[in-house]
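The structure comes below, followed by the text.

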Amino acid sequence: MIYGDRNTGVIVTGATGKQGAFHIALMNEYSRQVGGKGVVAGVTPGKAGQEVAGVPVYNSIRDAQKEHDASASVLFVPGFAAGDSIMEAASAGLSLVVAITEHIPVHDTMRAISFARIHGCDVIGPNCPGLLSPGEIKMGIMPVHLSCRGHVGVISRSGTLTYEIVDQLTRAGLGQSTVVGIGGDPVIGQTFLDVLRRFEEDEQTRAVVILGEVGGSLEEEGARATDLPIAAYIAGISAPPEKRMGHAGAIVEGGEGDARSKIARLKKMGVPVASRPSEVPRLIREIL
Amino acid sequence: MKLLEHEARKIFGEYGIPVPKGFVICSPGELESRMGELGTRFVLKAQVEVGGRGKSGGILMADPSSGKQMAEELLQKEIKGVPVREILAVEYLEIQQEYYMSIAIDRSTKQALILFTDQGGVDIETLAKEQPGAVRKASLPLLMRDIPPFMVRDLLGKAPKELAKVMNQLYRVFCERDALLAEINPLVTTPTGVFAADAKLIIDDNALSRQGITLNRDLTEREREAEKHGFSYVELEGDIGVIGNGAGLTMATLDLIEYYDGKAANFLDVGGGADQERVMHAVRLVAADPTVQVIVVNLLGGITRCDEVARGIISAGISQQVIVRLAGTNEAEGRQILDGSGYRMMESMEQAVKAAVEAVK
């Protein structure tokens with residue numbers, strides 16, 4: 001597993017909102033199953049003293065840290081406030097922020113990521129489903145029943161497409177080490193490259209699936225720099241240029257980042273690329 | 001959102017970036033009454049949000065004798081399918097040299113990317129490919145308040161010093177206006193000084209409210225409906241309607257349709273929490289497109305309730321066939337509800353897509 005394990009204490013920011021409360025309950029249901037620490041505290045400014053899904057709420061991360069031991073935070077705050085929450089977590093000394101939030105202004109994301117880097121804090125997301133290390137820890141909103149523990153790492157810019165692939169891997173008997181949703185925004189914290197570096201250091205991970213999509217070139221940048229066995233699927237081969245396909249970052253701009261050229265570049269590096277999601281398990285078997 | 005040239009140049013002007021004298025008109029009469037302000041030669045520029053206006057006849061040279069007639073013709077034109085409603089009339093510039101200057105977002109470095117070249121007026125992507133050395137670039141973390149002077153010097157090279165101020169002000173615009181792209185192409189020198197002869201500004205959709213901007217896009221009825229419900233919706237040219245949850249899965253569904261030689265009519269991502277109400281609206285919206293022959297619904301989620309989705313599909317009450325792939329809680333109930341109503345529920349997205357492609361053959 002990477003980024004955390006069952007001993008990682010998690011603080012949820014935006015705990016008292018509908019999403020925050022709902023997912024604190026689900027995350028802790030999972031942590032009880034696997035015997036992990038789970039979400040130890042929630043933070044919503046002005047709501048100290050409340051309790052959400054059995055978890056105490058504080059006004060700030062620093063207040064929560066006085067009572068609880070935590071090294072990561074998961075954000076469910078609205079877009080306009082998310083940049084601030086990332087910086088608060090970094091400034092408080094947490095080593096990881098998982099930003100689930102969608103619709104963060106991209107300048108806020110860029111500033112918050114720069115700020116977090118200065119404080120030695122990694123940011124996953126924004127606009128992501130978080131991560132899941134089956135049998136160890138869930139930080140985010142991924143459904144757990146589709147996954148099982150194993151040796152395949154998954155890195156994805158998407159949410160539900162990740163679940164689709166995880167389901168297919170599990171059905172094919174290919175368990176996962178850690179599944180990381182890095183987010184669908186144009187600017188994100190941890191990229192394919194950063195997560196691949198972590199997987200390289202992770203003894204459990206033997207092969208990695210890269211789930212990319214149109215827009216940018218982060219998939220190729222990651223693939224080029226690793227010697228781990230990887231297989232890829234790139235969504236958006238049918239995406240017309242200059243149209244945003246749901247994700248803020250899923251857009252072919254100025255002739256850059258289209259699926260066909262991305263796939264061609266990956267294949268040139270020797271990375272097997274699935275032409276449909278159902279081919280991924282076979283490709284992984286072949287490189288394992 | 002991409003601003004129109006006249007909106008962008010107004011903002012550039014507010015930041016002290018010199019722009020040529022000019023005004024916006026909606027009718028030939030308006031031009032006639034004000035054309036005296038522009039001198040003996042001027043330029044009429046169609047205000048449309050599509051690129052490549054010049055090549056499509058959207059930029060015309062005019063003089064006081066021809067101006068009214070040309071404005072009239074331009075206002076009746078369509079540029080790449082977009083009707084011309086407004087014209088920016090600007091003074092003619094005696095151009096000595098054209099430059100290109102832009103600030104954009106660089107996904108790889110997560111910083112601002114500043115580009116500059118003394119070969120302005122061309123398509124920057126083509127130039128960067130053909131003569132990579134001709135375009136100078138630098139990355140700047142957005143935590144920086146100004147562009148450091150060394151960076152400005154490196155970027156400008158031998159270009160006139162007046163351009164330094166423009167570059168710094170363009171960075172201010174970029175930062176303060178939540179821009180995804182701030183571009184001047186061409187930035188020109190004339191005997192009377194430096195001017196931004198064009199202005200392009202794309203504002204982050206997620207920052208429109210704090211920028212006090214309301215979307216003014218021309219939307220089709222179905223696009224408006226999608227916006228109302230918070231669906232991501234893109235119209236395409238095929239006959240298979242697509243509804244999915246999550247952008248990646250929906251895109252993958254479209255790709256699979258293409259893989260099996262079908263053609264998708266649209267991309268529709270219902271987003272999270274697909275309940276009966278949302279699914280019903282989504283199905284009705286896609287079905288309202290007359291080119292849609294069959295609809296594939298591909299929903300996968302831990303918390304999506306299949307019985308809710310099934311009821312949503314049925315309550316939409318549409319005439320087209322709907323092929324459904326559902327995975328989540330209460331799958332068996334969902335299947336039962338659909339089976340009883342004559343809709344087809346498939347085990348996998350692959351099966352659902354195959355069935356849809358078969359159905360339109």
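## Site, interface and helices

Met110(A) lies in helix H4 of chain A, residues 106-118. Helices (H or I, at least four residues) and strands (E, at least two) are DSSP runs, numbered from the N terminus. This is a predicted model, in which local features need pLDDT of at least 70 and side-chain atom pairs count only at pLDDT 80 or more, while totals for chains, interfaces and linings use all residues. Residues are numbered from 1 along each chain as its sequence is written, and chains are lettered from A and ligands numbered from 1 in the order in which they are written.

Met110(A) is buried because 23 other C-beta atoms lie within 10 Å. A residue is buried if 20 or more other C-beta atoms lie within 10 Å of its own, exposed if 12 or fewer, and partly exposed in between, with C-beta atoms placed from the backbone. Leaving aside neighbours within four places in sequence, Met110(A) is in contact with Val187(A), Lys110(B), Gln111(B) and Leu142(B). Contact requires that the C-beta atoms of two residues, placed from the backbone, lie within 7 Å. Met110(A) and Val187(A) are 77 residues apart in sequence, and their C-alpha atoms are 6.9 Å apart in space.

Between the chains, 37 residues of chain B are in contact with 46 residues of chain A. The table lists the elements of chain B that each supply at least two residues of the side that touches chain A.

| Element of chain B | Residues |
|---|---|
| Strand E13 | 232-235 |
| Helix H8 | 247-259 |
| Strand E15 | 266-269 |
| Strand E16 | 294-305 |

H8(B) gives the most to this side, with 11 residues.

Within chain B, helix H5 (residues 149-156) and helix H6 (residues 162-176) pack at an angle of about 120°, their axes being 10 Å apart. Axes are lines fitted to C-alpha atoms, for helices over the stretch in contact, and angles run from 0 to 180 degrees between N-to-C directions. H5(B) and H6(B) are therefore oblique to each other; angles under 35 degrees count as roughly parallel, over 145 as roughly antiparallel, 65 to 115 as roughly perpendicular and the rest as oblique. Val152(B), Leu155(B) and Leu156(B) of H5(B) make the contact with Leu163(B), Ala164(B) and Met167(B) of H6(B).

Helix H10 of chain B (residues 306-316) is mostly covered, with 10 of its 11 residues buried. Just after H10(B), Gly317(B) has a positive phi of about 55°.
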